[in-house]
Amino acid sequence: MPISISMIVVSSQLVVAVADRVPTFDIARSCKLDVAAAAGLSVDQSDKSCVKDERRARQQLTSQWSKFSVSSKAECVPQESIGGTPSYVSLLTCLQLGQWAR
């Protein structure tokens, strides 16, 4: 099935939209799920600590967002939607790894 020009244009717009600004995640929900998943493990990170780390990572992402490549953003941002518990810490790590790999 041939790809039409309009499909290419539309899909390229989606990539740009993803990369324009830091995405918004529900960190309270993600932290609750992460803390619940870690229950019983030796890692003891409270919900408050998780939220604090996520806020700090979002601030860092906001200040450095323009320094990350569009291709890294287009790769890393969708990865955070997989699994249902997006994380600014994880997103920042992914973007930094992409930066260091160059």
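Is C76 buried or exposed, and what is its relative accessible area? C76 is buried, with a relative accessible area of 3% (buried means under 20% relative accessible area, exposed over 50%, partly exposed in between, with a 1.4 Å probe and protein chains only).

This is a predicted model, in which local features need pLDDT of at least 70 and side-chain atom pairs pLDDT 80 or more, while totals for chains, interfaces and linings use all residues. Residues are numbered from 1 along each chain, and side-chain values use heavy atoms, without hydrogens and water.

**View 1. The disulfide of C76 and C94.** The sulfur atoms of C76 and C94 are 2.0 Å apart and form a disulfide (a pair of cysteine sulfur atoms within 2.5 Å). This pair links helix α4 (residues 70-81) to helix α5 (residues 88-101), with C76 and C94 18 residues apart. Helices here are DSSP runs of H or I with at least four residues, numbered from the N terminus. C94 is buried too, at 18%.

**View 2. The disulfide of C31 and C50.** Here the S to S distance is 2.0 Å. The torsion about the S-S bond is about -80°, so this disulfide is left-handed. Both C31 and C50 are buried.

**View 3. Helix α2 meets helix α3.** The axes of α2 (residues 27-37) and α3 (residues 47-64) come within 9 Å and cross at roughly 135°; axes are lines fitted to C-alpha atoms over the stretch in contact, with angles from 0 to 180 degrees between N-to-C directions. In α2, I27, A28, C31, K32 and V35 meet D47, C50, V51, E54 and R55 of α3 (contact means heavy atoms within 4.5 Å).

Methods:
Helices (H or I, at least four residues) and strands (E, at least two) are DSSP runs, numbered from the N terminus.
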